[in-house]
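Student: Could you take me closely through the aromatic rings of this protein, and then through the nonpolar surroundings? I would like one connected account.

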Amino acid sequence: MTEDFVSEIKQIPHDDERIFSMLSDLSNLERIKDRIPQDKINNVEFDSDSCSFAVDPVGKISFQIVEREPNKLIKFATTNSPVPLFLWIQLKQVEANDTRMKITVRADLNPFLKPMVAKPLQEAVDKISTLLASLPY
């Protein structure tokens, strides 16, 4: 059963090109490692096309960028995860220095797993969108 988890639309006071440039090269996120809650996520690693981290009690999760549409979309897929996940970061510039961002996670959840992971997945999507919207682009 496929489920989508969608963030609120966040407003970022920068142009889409600047935001896309930073988020489409994951090594840029190295500088915000200290903002990640260590009690929930640890062993965070980034390179230009992938990131991985450990989440208790799930274990190691790795994402790889699978598609980039300049200034509009960055699409990720898990390469290591107990549940197959896809994540999209969508950007839409509405005027100069005003870009809207939305994050969507698509998970293939079986009916037994859904009650256990739906709420934590939605919370994670919301926290990621808040963190990304607050970055110093």
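Tutor: Phe-53, Phe-63 and Phe-76 are linked into a cluster by ring pairs, where rings of Phe, Tyr and Trp (its six-membered ring) pair if their centres lie within 6.5 Å, and planes under 30 degrees apart count as stacked, over 60 as edge-to-face and the rest as tilted. The model is predicted, so local features need pLDDT of at least 70 and side-chain atom pairs count only at pLDDT 80 or more, whereas totals for chains, interfaces and linings use all residues. Residues are numbered from 1 along each chain as its sequence is written, and side-chain values use heavy atoms, with hydrogens and water left out.

The structure holds two aromatic pairs. In one of them, the ring centres of Phe-53 and Phe-63 are 6.3 Å apart and the planes stand at 25 degrees, so this pair is stacked. Because Phe-53 lies in strand 4 (residues 50–55) and Phe-63 in strand 5 (residues 59–69), the pair ties together parts that are ten residues apart in sequence; helices (H or I, at least four residues) and strands (E, at least two) are DSSP runs, numbered from the N terminus. Phe-53 is buried, with a relative accessible area of 17%, and Phe-63 counts as buried at 10% relative accessibility, where buried means under 20% relative accessible area, exposed over 50% and partly exposed in between (1.4 Å probe, protein chains only).

Phe-63 also pairs with Phe-76, in an edge-to-face arrangement with 6.5 Å from centre to centre and 90 degrees between the planes. This pair links distant parts of the chain, since Phe-76 belongs to strand 6 (residues 73–80) and lies 13 residues from Phe-63 in strand 5. Both Phe-63 and Phe-76 are buried.

Turning to the nonpolar surroundings, the largest nonpolar core has 36 residues, of which Leu-23 and Ile-89 touch the most other members; such a core is a set of buried Ala, Val, Leu, Ile, Met, Phe, Trp, Tyr and Cys residues joined through side-chain atoms within 4.5 Å. The elements that give two or more residues to this core include helix 1 (16–23), strand 4, strand 5, strand 6 and helix 2 (114–133), and helix 2 provides the largest share, five residues. Leaving aside residues up to four places away in sequence, Leu-23 touches Leu-29, Ile-74, Ile-89, Leu-132, Leu-135 and Tyr-137, with contact meaning heavy atoms within 4.5 Å.
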